[in-house]
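Visitor: I would like to learn how to read a model like this one, feature by feature.
Guide: Then let us look at it together.

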Amino acid sequence: MLAEMGRLAPLRAYAVALVAVGLVTIVIGVIEARVQVANISMLYLMAVLASATRLGRGPAIAASLASFLAFNWFFVEPIHTLSVGDPQEWFALVVFLITAFVTSQLAADQRDRAREAADRARDATLMFEVARVLGEPDLATALAAVTDRLRHGLGVPGVIVELDGEGAPQRTIAGNVAPLEGAEIGSLAAWIPSARSAAGARARWIHVIDPRGASASQRDERVHAVPLLTGGRRIGTLAIVRASSGPRSADDRILTSVATQLASAIERARLRQRATEAEILRRADELKNALLGAVSHDLRTPLASIVASAGSLRQTDVRWTEAERESFLSDIEHEARRLSRIVSNLLDLSRMESGTLHPERSWYDLAALIDDVVGRLRPLTQGHRVDVRVPEDLPPISLDYVEIDQVLSNLLENAARHTRPGTAIVVSASIDGAQAVVEVADDGPGVPRSDLERVFEPFFRGPSGDAPRGTGLGLAVARGLVEAHGGRISVINRPEGGAVFRFTLPIEQPSRTRTAATT
Amino acid sequence: MSPATGARVLLVDDEPAIVRAVRANLGSRGFRVDVAVTGREALDRAESHPDLILLDLGLPDLDGLDLIRALRSRGRAPIIVLSARGAERDKVRALDLGADDYLTKPFGVEELLARIRVALRHTLRSGTDEPVFRARGLVVDIEHRCVIVDGTELHLTPTEYGLLTALVRHADHVVTDAMLLREVWGPEYGDGDHYLHVYVARLRKKLEQDPQNPRYIATEPGVGYRLLSEDAHPDPARVERALGT
């Protein structure tokens, strides 16, 4: 109520004060017609007090003066003139006027203090809220929350935060910022003192001209903007659009504080991002070095045998038997496919390292995926007994089929490569709490204890013995793909011998927005 | 000779080695091969109505997907898309735009010939909607809503039956997730969160004796499914591809 009345347009406040005086005059008139009451003029003090507490200082003074004049005009002999017959009456009137003045000022002070206390309480709550939501690690989410809190806390129609940067400024908007929409905000920034002139003045208040306004004289006093500064440099703008125009120092104060907090939060977020980018660069660099090391050997070996085989076939002075020709040709095809495999593994790996891997998930029956992969890789695992153990009641899992297919293929290939023909490979799936677990267990020599973590590093190769060489990338790719799904991959040695590679996939609940195709 | 003898194939690819190999292989098997190395050239050549188009998605001048749209507006010749592994999204979009099939580079000659055979056979057969589909022990009687595998009648739910008939309608062709969703659940289920793959898995459980070696429904990872009407050729390329080729 208090706040509402305080927002009355000034003219209306004065009118209300005068109406109150008029009402009191009527009441006095009615009473005077029946009985004589001494000092009945004191009734006017009620109108003055009400004006002071509800409407403010100015209307209270107006009420005092109006009461003085009305009492004089209507009730002091001679009636209907402003002259006063009795000097005693004069004295009473003057005392009344002084009393009304003093009372009104005391009441208005009280009112101001109450308002200020309310504002400060609101500011404190708001600042606390803002500080809390700014703790959000994601800057966009934090900004959305801050603009929303500000809009509700200040009770204004719209709040906007605009971040400068390369290219178009980024805006976060809460509510209706119609006066700022459409045309170039001027870009808000253009209306704000430049960094230099703003330095010193922590936050300068400006009024933004309505960009749609035809003439520059149409200022929109409803928009208040404050620059976001860090180290004297402007990084953006915070602005509110108010329902009515006119200054409101409490709002300005809180906006200035919020702007300071916002600026430092934004700066922190940018520093964080730069650190992340540096980390990505560092890892990319490491990968590049490992790649260069690998290229010299892993890519050259197949190339060498391709070139040698092709060259042999072109010899004109040798007559190759049909079997020899066939062997050269199959070498060429085999090694070319190997190269292709290395290259696509490298591509996968670089996509993972650059953080651009986004699984395209859908709901799948894990058992069907395992059957598909085991079936397709049968030519590769022909020498082994491959057992699949999957329970009947596995729930559907949300996954990217191509990627998890790749993970399982790489693990199976790895098992087949490092174990002797005739041994068993067991592929199993199970549920463990909120995750699905897939295991590929073999009967081979296991992984040396010192290599348990390193097997998932790119280009790592264990002691291969007489096993055919792999690309050194399969397990690294598998790890990247599993982690992109929010799962974990690890390897353990079974006490009875053999290695168990296991990876997990989180089981999620189907979203509520499913189509009927899920029912 | 093969039924495709004399068929005209338009090969759109800007890689000379591929063009040479494909031209030699198809030419020696009686195909007439026309070559375009740019998208614009392809549109020109398509005016002469080839029987089949082999289209590389990564052309220098035109976006591959735009080209498919343009080619489709010019004629009904089957289009087989050639693209690199990892470009599953492009393949799916190409198929949804009207391409008939795809081949992942690098591909073997056997695989290429098999795809061309299927694509051409389909053009010959299209238009005759046979009421009964028969393939290697599988009988789908559309008229009587009855499915028999090796003489035993199967009990399928309406959804499973809908999936099977949708696959049968496109026998030997890859059917994308979006196409299946549309045909079985209706046009409004083009994408979004769905259990399509779980239903296909259930259907396969009823249909297939050896789930690791499916006779009828093959998975095309990341793209969709394919109903096989004849025995799949043992194909070493598929194994290599599974390993990331």
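**Confidence, folds and contacts**

Guide: Residues 1-7 of chain A keep a pLDDT under 50, and the model gives them nine contacts beyond four places in sequence. Over residues 189-219 of chain A the pLDDT is also below 50, and that stretch has 66 contacts beyond near neighbours in sequence. This is a predicted model. Where pLDDT is low, the predicted coordinates should not be read in detail.

Visitor: What is the mean pLDDT of chain A, and what share of its residues reach 70 or more?
Guide: The mean pLDDT of chain A is 79, and 82% of its residues reach 70 or more.

Visitor: How many helices and strands does chain A have, and how many does chain B have?
Guide: Chain A comes to twelve helices and twelve strands. For chain B the count is nine helices and twelve strands.

Visitor: What share of the contacts join residues at least 24 apart in sequence?
Guide: Take the contacts between residues at least 6 apart: in chain B, 59% of these join residues at least 24 apart. In chain A, residues 24 or more positions apart account for 65% of the contacts with a separation of 6 or more.

Visitor: How do I check the span of a helix, say helix 2 of chain A?
Guide: Compare the expected span with the distance between the end C-alpha atoms. Helix 2 of chain A covers residues 10-34, and at 1.5 Å a residue its 25 residues should span 36 Å. The end C-alpha atoms are 37 Å apart, which agrees.

Visitor: Which residues of helix 2 of chain A are buried, and what covers them?
Guide: The buried residues are A:A13, A:A17, A:V21, A:V24, A:T25 and A:I28. Their cover includes helix 3 (43-54) and helix 4 (57-75) of chain A.

Visitor: How should I read a residue in helix 9 of chain A, such as A:E335? Is A:E335 buried or exposed?
Guide: Start with accessibility, then list the contacts. A:E335 lies in helix 9 (residues 322-353) of chain A. Its relative accessibility is 17%, so A:E335 counts as buried, the cut-off being under 20%. Leaving aside neighbours within four places in sequence, A:E335 is in contact with A:P302, A:S305 and A:I306.

Visitor: Which residues does A:M352 touch?
Guide: A:M352 is also in helix 9 of chain A, and A:M352 is buried at a relative accessible area of 14%. Not counting residues up to four places away in sequence, A:M352 touches A:L357, A:A476, A:V477, A:G480 and A:L481. The C-alpha atoms of A:M352 and A:E483 are separated by 9.6 Å, while the two residues are 131 residues apart along the chain.

Visitor: Where do the side chains of strand 5 of chain B point?
Guide: In a regular strand the side chains alternate between the two faces of the sheet. Here B:D101, B:L103 and B:K105 point one way from strand 5 of chain B, and B:Y102 and B:T104 the other way. Strand 5 (residues 101-105) of chain B is mostly covered, with five of its five residues buried.

Visitor: How many bridges join strand 4 of chain B to strand 5 of chain B?
Guide: Five bridges join strand 4 (residues 79-84) to strand 5 of chain B, and the two run parallel. The bridge partner of B:L82 in strand 5 is B:L103.

Visitor: How many aromatic pairs are there over all chains?
Guide: A search of the whole structure finds nine. A:F74 and A:F75 form a tilted pair, 6.1 Å centre to centre with 50 degrees between the planes. A:F74 is partly exposed, with a relative accessible area of 37%, whereas A:F75 counts as buried at 18% relative accessibility.

Visitor: Why is the pair of A:W363 and B:Y195 edge-to-face?
Guide: The ring centres of A:W363 and B:Y195 are 5.8 Å apart and the planes stand at 75 degrees, so the pair is edge-to-face. A:W363 lies in strand 6 (residues 362-364) of chain A and B:Y195 in the loop between helix 7 (177-185) and helix 8 (196-207) of chain B, so the pair joins two chains. Both A:W363 and B:Y195 are buried.

Notes: Residues numbered from 1 in each chain as written. Chains lettered and ligands numbered in written order. Predicted model: local features only at pLDDT ≥ 70, side-chain atom pairs only at ≥ 80, totals over all residues. Heavy atoms only, no water. Helix = DSSP H or I, 4+ residues; strand = E, 2+ residues; numbered from the N terminus. Expected span 1.5 Å × (residues − 1). Buried < 20%, exposed > 50% of the residue type's maximum accessible area, 1.4 Å probe, protein only. Contact = heavy atoms within 4.5 Å. pLDDT = per-residue confidence, 0-100. Phe/Tyr/Trp six-rings, centres within 6.5 Å; stacked < 30°, edge-to-face > 60°. Pairing = 2+ DSSP bridges.
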